[in-house]
Amino acid sequence: MESDNIMPEDRVLLKRLLKKECDYPVPENILDRLIDMGRMKTFDKWDNIISEGDINPDVYIAMEGILRCFYWDGDREKTAFFSTLPTLFMSYHSYFRDEPSFYRDIQLMA
């Protein structure tokens with residue numbers, strides 16, 4: 001499910017998560033502008049958010065759940081990382097180079 005309207009309680013949570021993610025203080029007006037450019041998107045458990053081969057230049061901020069990023073190494077599936085909150089993530093290959101995602105999937109686990 002996707003919505004362009006970010007509810008006030010979600011805006012507060014997003015600001016808190018972004019402040020934790022950043023290594024330096026970000027002015028409130030910059031956080032507001034960033035949040036205003038975004039949209040809320042809901043994923044179900046086990047949904048793949050970014051899939052191998054997709055060009056996905058979006059930047060995501062996970063507000064709840066656990067993420068797993070994995071790829072295939074020959075005939076074995078390998079986990080690159082797990083991530084808990086707060087976390088900001090993207091396909092770096094797509095975002096910076098406009099190339100397909102390297103990782104097989106970034107998946108919502110919980």
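How many helices and how many strands does the protein chain have? In this predicted model, the chain has three helices and eight strands. Their order along the sequence is β-α-α-β-β-β-β-β-β-α-β.

**Overall dimensions and surface**

The C-alpha trace spans about 45 × 30 × 25 Å along its principal axes. The protein chain comprises 110 residues, of which 28% are buried. Among contacts with a separation of 6 or more, 66% are accounted for by residues 24 or more positions apart.

**Packing of H1 and H2**

Two packed helices are described by the angle between their axes and the distance between the axes. For helix H1 and helix H2, the angle is about 120° and the axes lie 10 Å apart. The crossing of H1 and H2 is right-handed. The two helices and the residues that make their contact are set out below.

| Helix | Residue range | Residues in the contact |
|---|---|---|
| H1 | residues 8–21 | Arg11, Leu14, Lys15, Leu18 and Lys19 |
| H2 | residues 28–37 | Glu28, Leu31, Asp32, Leu34, Ile35 and Asp36 |

By residue class, the contact of H1 with H2 contains five nonpolar and six charged residues, and no polar ones. On the H1 side, the contributors include Leu14 and Leu18, together with Arg11, Lys15 and Lys19.

Note on methods
Residues numbered from 1 in each chain as written. Predicted model: local features only at pLDDT ≥ 70, side-chain atom pairs only at ≥ 80, totals over all residues. Heavy atoms only, no water. Axes fitted to C-alpha atoms, helices over the stretch in contact; angles between N-to-C directions. Helix = DSSP H or I, 4+ residues; strand = E, 2+ residues; numbered from the N terminus. Left-handed = near helix turned anticlockwise from the far one by under 90°. Contact = heavy atoms within 4.5 Å. Nonpolar A, V, L, I, M, F, W, Y, C, P; charged D, E, K, R; others polar. Buried < 20%, exposed > 50% of the residue type's maximum accessible area, 1.4 Å probe, protein only.
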